[in-house]
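The following report concerns the predicted model shown below.

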Amino acid sequence: MLKFHKHPLIIFHYKFTPPLFLHHSAAPIAESSLQNQTLVSLIEKCSSMSQLRTIHAQIILRGQTDDTIALSKLVSFSALSSSGNLQYAHHLFDEIPLPNRHMYNTLIRASADRKNSNKAISLYQKMVSCGISPNEFTFPFILKACAFQKAYVEGVSVHSQTLKSGFTESHVCVQNGFIAFYVACGKIECARKIFDCIEFKTLVTWNSMIGGYGKTGRWENAFVLFDEMRERGLEPDGHTFVNLISVCSRISGLKLGRLVHWYIEINGAFADSFVQNALLDMYAKCGYLHMAEAVFARMVGKNVVSWTSMVTAYAKHGLVELAKITFEQMPVKNVVSWNSMISCYHQNGYYKESLELFYRMLDSCIIPDETTLISVLSACSQLGDLVTGKKLHEYIRGNIVQPSVTLSNSLVDMYAKCGSAETALGIFRNIPEKNIVSWNTIINALALNGFGYRAIELFQEMEGSNERIIIKPDALTFTALLSACCHCGLVETGRYLFDKMGRIYKINYEIEHYSCMIDILGRGGLLDEALELVGRMVMKPDVVIWGALLGACRIHRNVLIAEVVLKQLLEMEACVGGLYVLMSNIFGEAKEWDKVRKMRKLMKDNGVRKIDAVSSIEVCGRVSDFTVGDNRHEASDCIYIMLDQIKNRLECDEEVLDDVEI
């Protein structure tokens, strides 16, 4: 029995009265049948959920809950109508004792999108377990759901069902569904087998297979198939061109992309906004910016995708001002547009501007998505803006039920770089399915905050973890571990991990690993061993390697090796201001004043100037930067007055202390 929902059902109602033209002696069955027809007719004319709820209530009150046609219509409107409510449709379906195939198909179709695809798969499984055979209206949508979820096992089960039912050979729409499913699961060879078995291929079939090759980066197969399609007399459409252009974007294949563009121009093929946007994106990603601008300028019906693609193109080339101008000119902005501009600022080091734009986005009543939050959290990390980071965390807790692992990793990174290692560790522990980035982020977080021993313990936990997916350390894991050893002076542990990386895990050493290991040995006073390791490097040492060794020379006052390092740096012409100063200090501490003078002369002759250090301070949620003798801040006068007052106070306190000692 369907449950009656105690909604205010008076918003919209129909007056149901027995037909007056029926004689009193008319059979009850005939009267009931006529009423059922009236209800079905009313559902078909329905235009809102309030109307549907009223009709639903009348069905319950009249005891006509066994009318499968009326119930099917109710489910169809709730699930598929633009005015419907999918949640209501599911609730309605759950109360029907014996739903039929049409009802199952309707709900599977409605739930087959990315958001509800899990529900579609469970409905299909329930349908089959109840003995209801799926048909040609079931399979395309359940395959779409399996493709969204990359549910390979479930999809193969559907394939088995179609083979038993004979639908694979007779229905091309089902076969097209299988091509899309196998492509989504990365099984391109299986998709090709299905394609080759289709006797009467439609344009959708060809496009699906060409698109499949494109998504897997097999551009040669995609273009061979395109040629074969034309040889068979099929004219490509917009979907074909978008697939081919997208392949060129992925592989940065400018020549191929231009050939597709010329084909469209020469043959007078219709290029809709999707094709033009694809061309714009392809030229931008291939570094051909002026052609991207030309395509954009020629577009008649520019939409939000076109404008956003142009913003992204300028961002990719570091043209922040042009990206900003284009963004401000956009007639309509969506969340992707805002994300593109925020990302543009972030990628080019304009972290404050990215936060300011984020606040503007909120003021414009645009709801941020995970991409927005990841960019803004990263900006907070770079600025050390813990106040804004905490506000974002509160927002995520209140609005996102299941944050993605990427978003959780961003939170861990933000707290770590803002100095809250314990909070970062707490968030890490609560990530349901950690990936290698999760482990690398927290190990690096602990290393960054001086918890070297805990970082190594966590690595051991990672090695012995019983996660559902086995996670193996990568090159970044060992960079973080060696960094932890460096911060804590763990020479033996560093040696052990450096050896384990190559011998056990077969990970190739990169310059970052050598840099960390040389720093570990150097800080530990093992300068000869560090220099020997430099000689064994498989690549040419860079300024970072020599700089690490030079820093160790100053700590241990080893002028001999410092001079060897200086010679290498001068030969590389890579000696920057900081290294000249460091070398000068080494000679000064060794009281070799002639060499100090030589270093100063070298700096002067080469026009080298030490780059001023920058300090950041956060006050009331605002981060300000300062350098030596800085007058840029709007409150500079007040700041220097306050500094003078502090200095005078300290000098007075020092005099008082001296008097006390006397």
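The largest pocket holds about 660 Å³ of space. On a 1 Å grid over the protein atoms alone, a pocket is an open set of points where a 1.4 Å probe fits, with protein on both sides within 12 Å along at least five of seven lines; lining residues have an atom within 4 Å of a point. The volume is the space filled by probe spheres set on the points, which are joined across faces, edges and corners. The largest pocket is lined by 25 residues, and those closest to its centre are A147, A180, F181, S208 and K215. Two or more lining residues come from each of α7 (139-149), α10 (172-184), α12 (203-215) and α14 (238-251); helices are DSSP runs of H or I with at least four residues, numbered from the N terminus. The lining comprises 11 nonpolar, nine polar and five charged residues, where Ala, Val, Leu, Ile, Met, Phe, Trp, Tyr, Cys and Pro count as nonpolar, Asp, Glu, Lys and Arg as charged, and the others, Gly among them, as polar.

The model is predicted: local features need pLDDT of at least 70 and side-chain atom pairs pLDDT 80 or more, whereas totals for chains, interfaces and linings use all residues. Residues are numbered from 1 along each chain as its sequence is written, and side-chain values use heavy atoms, with hydrogens and water left out.

| Helix pair | Axis distance | Angle |
|---|---|---|
| α4 (residues 86-94) and α5 (residues 101-110) | within 11 Å | roughly 150° |
| α5 and α6 (residues 117-129) | 9 Å | about 165° |
| α19 (residues 320-329) and α20 (residues 335-347) | 10 Å | about 160° |

Axes are lines fitted to C-alpha atoms over the stretch in contact, and angles run from 0 to 180 degrees between N-to-C directions. Helix α19 is therefore roughly antiparallel to α20, a label for angles over 145 degrees. The pair α4 and α5 is likewise roughly antiparallel, as are α5 and α6.

Helix α4 passes α5 in a left-handed crossing, meaning that the near helix is turned anticlockwise from the far one by less than a right angle. Their contact (heavy atoms within 4.5 Å) involves L86, A89, H90 and F93 of α4 with M103, Y104, L107 and A110 of α5. Seven of these residues are nonpolar, one is polar and none is charged.

The crossing of α5 with α6 is also left-handed. Here R101, Y104, N105, L107 and I108 of α5 meet A120, L123, Y124, K126 and M127 of α6, a set of seven nonpolar, one polar and two charged residues.

A left-handed crossing is found again where α19 passes α20. V320, A323, K324 and F327 of α19 meet S337, W338, M341, C344 and Y345 of α20; seven of the contact residues are nonpolar, one is polar and one is charged.

Finally, G502 belongs to helix α29 (residues 491-503). Neighbours within four places in sequence aside, G502 is in contact with I507 and Y509.

Technical notes
Angles under 35 degrees count as roughly parallel, over 145 as roughly antiparallel, 65 to 115 as roughly perpendicular and the rest as oblique.
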